[in-house]
Amino acid sequence: MADQNESPEAQEMAAAQDPAAQKNAQLLGLLHRLFGAETFTDVEEPYGLLTATTTRERIHDIIAGLQQDQELQLNFLTTMCGMHFPEREGQELGMVYHLHSLTQNIRLRLKIFFPIADPVVPTLTDLYATANWMEREAYDFYGIIFPGHPNLIRILNVEDMDYHPMRREYALEDGTREDKTDLFFGR
């Protein structure tokens, strides 16, 4: 996607030269038409994948609308995973959603961020069966709660674990280990 500060004419010219950018520009235009331009922030195209940030209050309605839209047919939830950025005050936790239209070959990444003190996100299990396991994984590793989920229990860790191991609250290595030398690790 062209630089947001460029004129619309320059953006259209850049999109005309790149078919992927043209497809992403059409998709973004459709998103703005369906849900409003103010709904999406931080729009970018890393590696040609249209990426936008929205709010957790709107995420369920947006994804439901995209799934039901006959033009887009975004009927495949490829990925749904948690994120933790402790340095982002008030937006420490987040979720990433990758949607794919197999018939139109359209891909879209949506992100939401929310405070760690309120880790609640609407469930997508009513839209996609595959969301069941992905939401359980986000709960297990990040502590994100999905009201309405049919069986929100840990999926990979033991049930009596009292922390969420993928949060960046824990050191990657045990600093007290003496049996490991860094001689062979290039450090």
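A salt bridge here is a side-chain nitrogen of Lys or Arg within 4 Å of a carboxyl oxygen of Asp or Glu. By that rule, the structure holds 4 salt bridges. Before you click, keep in mind that this is a predicted model, where local features need pLDDT of at least 70 and side-chain atom pairs count only at pLDDT 80 or more, while totals for chains, interfaces and linings use all residues. Residues are numbered from 1 along each chain as its sequence is written, and side-chain values use heavy atoms, with hydrogens and water left out.

**Stop one: the charged pairs**

Select Arg56 and Glu57: their side chains form a salt bridge, 3.7 Å from N to O. Is Arg56 buried or exposed? Buried means under 20% relative accessible area, exposed over 50%, and partly exposed in between (1.4 Å probe, protein chains only). Arg56 has a relative accessible area of 12%, so it is buried, whereas Glu57 counts as exposed because its value is 59%.

Next, pick Asp140 and Arg154, whose closest N and O atoms are 2.5 Å apart in another salt bridge. This pair links distant parts of the chain, 14 residues apart: Asp140 sits in helix H4 (residues 131-142) and Arg154 in the segment after H4. Helices (H or I, at least four residues) and strands (E, at least two) are DSSP runs, numbered from the N terminus. Both Asp140 and Arg154 are buried.

Now try Arg167 with Glu169, a salt bridge with its closest N and O atoms 3.9 Å apart. Glu169 is partly exposed at 43%, and Arg167 is buried at 14%.

**Stop two: helix H2**

Select residues 19-35. This is H2, with 17 residues, and it reaches 24 Å from first C-alpha to last, close to the expected 24 Å (1.5 Å times one less than the number of residues). Colour in its buried residues, including Ala21, Leu28 and Phe35.

Show the strands. An open sheet of 5 strands runs in the order E1-E2-E5-E4-E3, with mixed pairing (two strands pair if DSSP finds at least two bridges between them). At the edges are E1 (41-44) and E3 (76-84), each pairing on one side only. From one strand to the next, the twist averages 15 degrees. Angles run from 0 to 180 degrees between N-to-C directions, using axes fitted to C-alpha atoms, for helices over the stretch in contact.

Zoom in on E2 (residues 50-54) and E5 (residues 106-114): they run parallel and are joined by 5 bridges. Ala52 has Leu110 of E5 as its bridge partner. H2 packs on the sheet here, touching E1, E2 and E5, and its direction makes about 50 degrees with that of E5 (contact means heavy atoms within 4.5 Å). H4 packs on the sheet too, touching E3 and E4 (93-101), at about 5 degrees to the direction of E3.

Finish on E5. Of its 9 residues, 8 are buried, so E5 is largely enclosed by the rest of the structure. E4 pairs with E5 in the antiparallel sense over 9 bridges, and Ser101 stands opposite Ile106. These two strands form a hairpin with 4 residues between them, and Asn105 in the turn has a positive phi of about 55 degrees.
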